[in-house]
Amino acid sequence: MRKLVYGLLTTLLVALVGCVTINVYFPEAAAQKAADQFIGTVLDSNAPAPAPASTSPQPARNDHQPAAMLLDLLIPAAYAADTPNIRIETATTEAIHDRMRQRFRETLSPLLNSGAVGFTKDGLVAVRDAAKLPLDQRAAVNATVADENRDRNALYREVANANNHPEWEAQIRATFAKRWIERARAGWYYQDASGAWKQK
Amino acid sequence: MRRTSSHLLLRFGILLWVGLVLPARAEIALGAKTVSLPGLKLQEVQALVGEDGEGGLKLKLRAAKVDVPSMGWRRVAADLQGTLQRDAHMRWLFNGTMQLVGAPGAALSNAKVAMVVDEAANTLEVDISQAAAQASMALPLDQPTHAQISLKGLPAAWLQGLLSTIWSGRATAGKLDADMALDLANKGVQASGQFALSAAGFDTASGTVAGQGINGNGRLNIDTTSTPSRIDLDASMRGGELLLGPIFARLPDHPVQVSLTATTHNGAVDFTRLRVADADALQFDGVLAFNAKGEVQKLKLDKLQARFPAAYQRYGQAWLTTLGMRDVRIDGQLAGSLDLDASGLRSFAFDTDGLELADSEGRLSIKGLRGGIDWAADGERPTTTLNWQGLQVYRMVNGPAQSRWQSRAGALSLQRALEVPVLNGKVRVSDLEWRPAAAKGRRLETSLTFAGIDMAAFSRAMGWREFQGTLGGAIPGLRWVDDRFEMEGGLTINAFDGFVSVTRMSLQGPFGPSPVLSANIQLRQLDMALMTSVFDFGSITGRMDGSIDELRLVNWNPVAFKANLLAGSGGRISQRAVNNLTTFGGGGVASGLQGAVLKLFKTFGYKRIGLSCVLQGSVCRMGGLDNDADGYTILEGSGLPHLRIVGHQTQVDWPTLVSRLKAATEGTPPEVR
């Protein structure tokens with residue numbers, strides 16, 4: 001009897017852990033691909049607007065717990081139902097994309113080139129060295145940076161929401177932060193994990 | 001100190017004496033590793049004294065490293081050459097050149113120097129000139145650390161070294177005229193006098209505090225001998241641009257009086273007295289403190305008087321733009337006070353006898369604002385009244401209202417329920433409590449009641465097809481949490497002879513570029529005949545129920561919802577409405593034989609119409625009355641001819657669907673694909 005109770009408890013525990021593992025599963029690879037596509041079309045002025053293609057599910061397998069792997073075998077249906085996929089193209093993100101792309105072309109690009117503005121570690125932009133700019137431009141640059149950050153914050157929120165996982169916002173932000181920095185052109189500045197500015 | 005200096009004078013005397021006594025044509029070279037004077041240190045000094053053949057002495061003095069800490073000069077190479085003569089009054093006259101290498105701002109890179117030493121009068125006079133810049137200095141011989149200085153057209157950058165001793169910033173441009181009394185000490189300098197600056201510029205390492213093109217004149221006292229260093233300034237400034245953190249000021253062409261006392265320590269600047277008077281725009285008394293990073297640590301403004309639009313154009317525009325409010329139109333005047341520190345807002349108060357305000361995108365405008373608000377983070381403040389003639393939020397025009405406010409323990413509350421006329425109805429705001437200091441968490445709580453708001457006026461304001469109805473309801477709890485307004489309770493719209501209720505509303509960033517509205521909507525017993533006539537969809541009779549759950553509008557466009565619509569009581573549907581309904585199934589107008597048959601009838605009887613759509617990331621997952629592998633039934637007919645509309649496309653692209661619906665309701669035939 002006691003054995004049975006223990007058995008049931010263990011099963012329940014494993015099931016609980018399993019549920020949690022699956023629910024918090026974040027499709028890192030898919031998110032990276034989607035972020036790359038978005039960032040690529042913002043940074044590359046010649047590229048066309050992002051094609052309405054959703055990225056294929058690419059479960060990240062590197063950080064799986066053994067318990068979760070066992071559960072993968074036991075309940076594959078859960079995965080099938082919760083197919084990891086990151087969708088980025090909605091009317092909102094398109095609007096944000098277009099604003100960001102235009103802003104990048106018109107103002108941000110030269111600011112990044114000169115090192116006055118850099119990419120932060122939390123997926124935003126910041127004025128790194130205002131002294132590089134003529135005085136009368138500094139206030140305008142502050143406003144541009146504030147505008148860009150409002151759009152970026154809204155983007156991360158909307159991507160999480162569009163994928164029906166508002167709780168993914170922080171992970172999406174982190175993924176974007178990494179990809180912005182990876183795709184930064186040589187000479188641009190970015191913040192490393194400690195917040196110090198580095199030049200690419 | 002005095003001893004060292006007399007020591008040096010003695011040495012200098014010996015040197016002169018040797019020079020005078022020695023036979024003609026002789027030259028004497030002297031070298032010293034270090035020569036120290038109060039506030040002055042010379043290293044690797046070489047002096048050469050010789051006869052110039054005209055009764056005078058040729059002097060050459062070269063020092064590889066000169067340090068004048070009080071001037072901020074470090075390791076400056078100096079080269080002084082000239083002739084020394086004695087005139088009839090037994091004064092020593094020196095005429096020559098001075099070249100400094102490595103002085104801040106490239107000061108005195110090639111200057112002419114004239115010196116007069118008058119032992120009888122106990123004075124040393126030095127005149128230095130380089131191009132248009134002139135500096136003259138007079139000092140008593142027995143107290144060489146005290147000097148009267150007169151500067152004309154001196155490049156401001158030459159004072160870079162001096163500035164660097166009190167401030168991390170640097171002068172970038174401009175010319176300086178000044179008459180100053182200067183006392184040099186080992187640890188610093190004391191100076192006071194009159195000055196005039198033209199086209200001056202300065203900048204800081206972080207670039208957050210800077211100025212350019214500034215003209216001004218006034219009185220200045222500087223004392224860097226103590227810690228912290230202290231500056232007193234009373235000046236009148238004209239023209240130019242100033243950047244102070246988030247504030248970018250464009251100074252007018254008429255004089256602006258600035259008077260301040262500042263202390264600086266390790267790069268931090270503390271304005272313990274700050275008075276600005278720009279008569280037709282902005283006046284205040286206050287204190288202001290920046291830390292070494294250029295961040296505002298304290299700002300306290302008293303007796304603030306602002307006149308708009310001048311104050312906005314000259315001082316407020318850049319700051320508001322950073323906050324996302326571009327091109328605000330603001331008119332009128334305002335008196336007030338403000339107190340904030342590193343932790344946030346401590347108190348503010350304003351009072352106006354007429355202010356108009358409108359943002360450029362038409363999201364918000366206030367007309368005829370009168371009265372004021374007085375808030376403090378602690379304690380109790382007197383009651384104030386605030387009235388306005390008109391308030392417009394987006395396209396919703398609200399009428400005049402009077403409000404009474406009081407601040408207690410950091411919460412600003414509405415003393416009396418506020419009634420605002422809106423769209424032929426009324427909104428009553430009560431139990432409002434606002435905590436301005438709370439940057440995060442709950443900032444505002446209130447309850448709202450809506451009564452008799454005219455949907456016809458509302459739909460007109462929104463640019464929709466006009467429909468009749470009234471909106472009412474209560475939101476017993478509205479909370480402003482972080483950047484989101486959460487609303488408890490709900491609104492009910494009586495329209496189309498039925499009810500639409502909106503619950504669980506929340507609104508995020510209402511005045512930002514991407515406002516997010518989420519809500520649940522319930523539809524009860526809507527008369528579809530009335531509805532379809534308004535939206536020109538064809539005609540359907542019968543009643544409709546339904547729900548639109550988890551609706552999410554971003555920038556007022558739907559991006560997600562779970563909609564379920566059902567007309568279950570039967571009725572008739574016109575041919576045009578049938579065509580339009582097929583749009584939902586992803587199809588166009590029925591063609592071929594089917595279409596030809598359909599065209600014989602004007603209306604059809606139906607038993608049920610049902611449609612569901614789950615919108616997620618621009619794809620709508622469609623469903624109907626029943627779903628099977630083949631498709632889903634949208635309409636189940638009754639009687640003859642028996643009609644059944646089945647949708648086959650379960651995944652419909654939302655933008656395409658919207659454009660088709662738009663085309664359908666605008667009367668143009670849907671595109672056949």
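Predicted model: local features only at pLDDT ≥ 70, side-chain atom pairs only at ≥ 80, totals over all residues.
Residues are numbered from 1 along each chain as its sequence is written, with chains lettered from A and ligands numbered from 1 in the order in which they are written. Local features need pLDDT of at least 70 and side-chain atom pairs count only at pLDDT 80 or more, while totals for chains, interfaces and linings use all residues.

**View 1. An open sheet in chain A has four strands.** The strand order is β2-β1-β3-β4, and the pairing is mixed. (Strands are DSSP runs of E, at least two residues, and helices are runs of H or I, at least four, numbered from the N terminus; two strands pair if DSSP finds at least two bridges between them.) β2 (125-127) and β4 (197-199) of chain A each have a single partner strand, so one side of each lacks a neighbour in the sheet. Over in β3 (residues 189-191) of chain A, the pairing with β4(A) is antiparallel, over three bridges. Tyr189(A) has Gln199(A) as its bridge partner in β4(A).

**View 2. Helix α2 (residues 28-43) of chain A crosses α5(A).** The two axes come within 8 Å and cross at roughly 40°. (Axes are lines fitted to C-alpha atoms, for helices over the stretch in contact, with angles from 0 to 180 degrees between N-to-C directions.) Among the residues that meet here are Phe38(A) of α2(A) and Phe104(A) of α5(A).

**View 3. Chain A touches chain B.** The contact takes 26 residues from chain A and 28 from chain B. (Contact means C-beta atoms, placed from the backbone, within 7 Å.) On the chain A side, α6(A) gives the largest share, 13 residues.

Terms used. Contact = placed C-beta atoms within 7 Å.
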